[in-house]
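Let's take a walk through this model together, going from one site to the next and ending with the overall picture. Keep the 3D view open as you read.

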Amino acid sequence: MGAVDGAFYYVNGGKWYNTENTMNINWTPDDSLQENDRVELSLTLAPALYVKEEGRVDWEALGKGASLSMPVTIDNTAPTLDGVSVDPIQKTMTVKAHDNQYIAAVVLFNAGGATVLDFDGTRDGVQAGDTCTYELDLQKANGNKFLVQVIDYANNVTTYVLKMQLGEEQPVPEMFAFDGKKGCWIGFNRGDTRESAQEIAVGNHTFFGATAADGVIVAIDGNADLYILNPEDLTEETFVTNLGMQLTDLAYNPKDQELYGVNNSNQLVRIDKLCGSAESLGAIGGDIGIVVNTLACDGEGNFYTVSYGNGFANQPGMVFTFTLDNISSPKRVTNNGYFNNYIQALEVNPNNGLLYWASYYDTSTETQEKYKGVLFEIDPKTGEVTNLGDFQTELTSLCIPEKHTGGHWYDPTDEIASMELSAEQLRLLQGAKQQLSATILPWTVRDRTVTWISSDEAVATVDPDGVVTAVGDGQCTITATSNLNAAVTANCQVEVESVHSSVEGVLEDMGGNVRLFSWNLENDRFWTPGVVTNVPSPIGAAVYDAGNDKMYIRDNDWVKMHEVDTATGNIVRSSGSSWYSVDDLTALQLFSTVETPQVVGVAGADVYKPCAPISNSFGSTWRLPTRTYTGGSNLVAITSMGQAVNEEGVNCDLLYAMDNAGYLWAI
C-alpha cells in the first residue's frame, strides 16, 4: 500500500504541515490463483481512536471506517517487443509491443542501461493483449548500442539490445570509475564534474578495484571475484575466478606484464592474470607504519600508494612510491596529507605519466550524510598535487586505458589448465537447493561451459545450470564435465539429511493476527498455528527469554514491548513507548541471567547495546560499516550462536547479524 497523507496545523510555527505513513499490506497470492485471474483486494484503516490500549480494534464502533478496494490481476508474463523503426530525419524511434495485460511504459536507455534517454507511457482505450505503438525521441541518443525496455503494470520487464548508429559517435572518456553510491560505471575527462560525467553502465556487482591492462579492464568486486571487462562496453564481463582474499585496488605493471593488488591487510599481492592465483609478496610500508588500500604502477615498474586514515599520526593522504625491491619501506612523494577513509582508487595515466587519486572521506552522522569524493592529480616527479574537484560520491575502480596498446596475452585458447567447482562438498537438508558453479581456467578458454550430472538422483538432482536439489537421505557425487574437453571434470560430494528439529516463534498471519506458531521441520511442510495473542499488529520483532520461559513481542505502531503468556497469548505487562524502531531481537546467553535478562536488537546498520527486554530502553548502538564492505544498507536479522572467545582471550556472547545484501556479520 502506498503512502497515506494527512495534515496538521502547528500552532507554535503558525503553519500547516503534511505527514505521511507507508504501510506494507504483506499480501501474497496463494497457489489457488492462476495467471490472469482477477481479484479485489480491500483494506480498512482503523484510526488510533478505535485502537484499544491492548491493541484490539473496536471494529463495531468504527463501522465501515476508511476503506480502500482495488482490483488485482495475477500477471507473471513479460511483454513482447514486436518491431522497431527509426526516422533519422525526425530523430524518432517507433516501437511496437504487446503484453498479455497492459504495457505501462517503453524506455530507451544508453548502452549500459545507466541513463534514460526517453520513454513513452500507456495508451487510452487499449484492451488487454493489444499491440500498441510508442514513439521515442532520439535527440539525446548518440552511439551504436542502446537498450529498449518494455515494462507492464506488474513490473514484468523485457530488455532488448538494439545495435545501430544513432546521432554522433560517443567520444571515449579518458578515465573510467565505479560510482559506489549509485552503483554504475561512469566515464569522464580531466575537468569534468560528477554532473558532466557520462553514466556508462549499470554495475552488476559492487566493484572495489580495477586497472587497465593492455586493452582490457581487470576488476575485482566486493566478493573477491575477479572479472575482465571490455572498455568499449563495460556490460561485457568475463568471470575469471574467486581470489579467496579481498583486494581493495589493482594495478597492472607494464614492465613485467604482471597484475598486482593490495588487500585489506596491507599486503602487496601478485595475481596470475589468466588463472587468478594470488601470491602475497609482503606488507606495503611495514617499516614505516603506514596503512594503505590503493595501488598504481607506471610503465617503469614503480608502484604508488596513498596512506589511509583520518589521524595525523599515520600521515594520512600522502602519496608513497616503492618497487618490488623495497615494498616495506616506500618513499614519500607528496608533503601535504588529506584525510580519507573507506574504499578509494589510484591509477597512473599511461598517456601523460601523472597519478590520479579518487579520494573519499565520509564524516556522516546518524542524522546527517556528509562526505567528499575529491579527484586529485599528482605529478610523481615533483609531488605537486592539483585538486580537480569534488565528485561528491565514492569513486572506486579508477582505470585509465592506454590510447595505443598491442597486448595479446588474452588471445583465445583451447587449452584448459584447470577446472574448479564453487564447492567440493555440500551438506544439504532435504528439499534445499544449492547453486554450484564451475570455473574453467584460464579465462581465455573459448568454451567454458559444462554439463552437470548426478550419480544418484534419489539423493540429489542437478539441473543444466548447476542448481543442486536435495531429494532424500544419503550421499552422491555431482560431476561437471567440460563441453570443450570431456577429459576435464570436477566433482562435488553431496550429503543429504532430513531436518530433525522443530522451531517455535511469533508471526502475523494473513488475517493480521499476531499469533504463536510451531513448525516440525522434519515432518511438516507448513507451520502449525498456536494461540492468537492480543498484541497489536503490525509487529516489529520478538524474542524468547529461555531463562524465564517468557516471550516478548514488540509492536510497530505503539513501539512498546509486551510480555506475553505463551499458554494464553494474553499480554502480561507492557513497557512504555520508545523512540527507536527495532527490526529483530535476540537474547544473550553469557551475560543474561534469570534475574537480569538481556537482549540485543538491530535497526538500520546499528546493533543496539544490551538492555532488559521489558525496559524497552533501546538507544545506544554500535554501527556496522555494512554499506562499505558488503553494499548492504540495513541489518535485517540477529541471532545468538552461544559463546566464543574473542581475539583478546575474553569469553563473550557470539552473535550473528545478517544485512540486506545477504552477508553475515560475527559480533
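Predicted model: local features only at pLDDT ≥ 70, side-chain atom pairs only at ≥ 80, totals over all residues.

Glu 377 has a charged partner: it forms a salt bridge with Arg 190, and the closest N and O atoms are 2.7 Å apart. Glu 377 sits in strand S31 (residues 374-378) and Arg 190 in the loop between S13 and S14, so the pair ties together parts that are 187 residues apart in sequence. Arg 190 itself counts as partly exposed, at 45% relative accessibility.

A search of the whole structure turns up 14 salt bridges, so let's visit a few others. Lys 182 pairs with Glu 199 in a salt bridge whose closest N and O atoms are 2.6 Å apart. These two residues are 17 residues apart and link distant parts of the chain: Lys 182 is in the loop between strand S12 (175-179) and strand S13 (184-188), while Glu 199 belongs to strand S14 (residues 198-202). With 16% relative accessibility, Glu 199 counts as buried.

Next, look at Arg 427, which forms a salt bridge with Glu 497; here the closest N and O atoms are 2.9 Å apart. Since Arg 427 lies in strand S35 and Glu 497 in strand S42, this pair ties together parts that are 70 residues apart in sequence. Arg 427 is exposed, with a relative accessible area of 62%, and Glu 497 is partly exposed, at 28%. Salt bridges can also share partners: Asp 179, Lys 182, Arg 194 and Glu 199 are joined in this way into one network.

To see the packing around one of its members, select Val 494: leaving aside residues up to four places away in sequence, it touches Leu 426, Leu 428, Ala 460, Gly 474, Gln 475, Cys 476 and Ile 478.

What does its side chain reach instead? A polar atom of the Asp 298 side chain lies 2.9 Å from the backbone nitrogen of Glu 300, and the side chain also reaches the backbone nitrogen of Gly 301 at 3.2 Å. Beyond residues up to four places away in sequence, Asp 298 touches Asn 253, Pro 254, Tyr 304 and Val 348.

Ser 359 is another buried polar stop, with 7% relative accessibility. You will find Ser 359 in the loop between strand S28 (355-358) and strand S29 (361-362). A polar atom of its side chain lies 2.7 Å from the backbone oxygen of Val 374. Val 374 is also one of the residues that Ser 359 touches, along with Gln 344, Lys 372, Gly 373 and Phe 376, not counting residues up to four places away in sequence. Ser 359 and Leu 395 are 36 residues apart in sequence, and their C-alpha atoms are 7.5 Å apart in space.

Finally, zoom out to the whole chain. The protein chain has two helices and 56 strands, and 42% of its 667 residues count as buried. Its C-alpha trace spans about 80 × 75 × 70 Å along the principal axes. The radius of gyration is 29 Å, which agrees with the value near 26 Å that a compact globule of 667 residues would have. Among contacts with a separation of 6 or more, 48% come from residues 24 or more positions apart.

Technical notes
Residues numbered from 1 in each chain as written. Heavy atoms only, no water. Contact = heavy atoms within 4.5 Å. Polar contact = N/O pair within 3.5 Å; in protein donor to acceptor, adjacent residues only side chain to side chain. Salt bridge = Lys/Arg side-chain N within 4 Å of Asp/Glu carboxyl O. Helix = DSSP H or I, 4+ residues; strand = E, 2+ residues; numbered from the N terminus. Buried < 20%, exposed > 50% of the residue type's maximum accessible area, 1.4 Å probe, protein only. Rg over C-alpha atoms; globule rule 2.2 N^0.38 Å.
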